[in-house]
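Please look at the model below before reading on.

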Amino acid sequence: MSYDYTQAIPSVGISTEYSGSTSKTNLSMDDFLKIMSAAMKNPSIGSDSSSGSSSSGTDYVSQMAQFASLDQLNNIGKRLTTTVMGMQQNEAFSLLGKNVQLADGSTTVSGKVDKVKFSNGYATLVVKGNEYQMGALTEVDNDTTN
């Protein structure tokens, strides 16, 4: 099964439009600083051939600030995903033994949550021997006597 954080908690999956895609480039701050250092040592790398002028020091500082901001946003995104996964795992544990309804395509499955399983950090609910994502959850009944 493949998951993204919108499948972790049903309300997040419904209310959030997130593709779950990640960047294919892994340029670190060290890599950026190496590139900037090389451009400063070799002005022809950073020059604009049409005007003959090279990038100023403030351009480098501005680019570094933008890169640092992007790096921090990526870190926040990773932390958010980890936080949502933890919340989802806690929610799944609280459903053990409870009667639930789950959407399975066009049908609804009802039953007691027998187990909680984990795949890539995301919890799934096992009801009647079948595994369901938390995003399939439609109803929880607090009555555990059935």
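Accessible areas come from the Shrake-Rupley method with a 1.4 Å probe; for residues, only the protein chains shown count as cover. By that method the chain exposes about 9600 Å², of which carbon and sulfur atoms supply 51%. The model is predicted: local features need pLDDT of at least 70, side-chain atom pairs count only at pLDDT 80 or more, and totals for chains, interfaces and linings use all residues. Residues are numbered from 1 along each chain as its sequence is written, and side-chain values use heavy atoms, with hydrogens and water left out.

The chain holds four helices and seven strands (DSSP runs numbered from the N terminus: helices H or I, at least four residues; strands E, at least two). Their order from the N terminus is α-α-α-β-β-α-β-β-β-β-β. Of the 146 residues, 24% are buried (under 20% relative accessible area; exposed is over 50%, partly exposed in between; 1.4 Å probe, protein chains only).

The whole structure has one salt bridge (a side-chain nitrogen of Lys or Arg within 4 Å of a carboxyl oxygen of Asp or Glu). Lys117 and Glu131 form this bridge, at 3.8 Å, N to O. Lys117 lies in S4 and Glu131 in S6, so the pair ties together parts 14 residues apart in sequence.

| Residue | Relative accessible area | Class |
|---|---|---|
| Lys117 | 36% | partly exposed |
| Glu131 | 31% | partly exposed |
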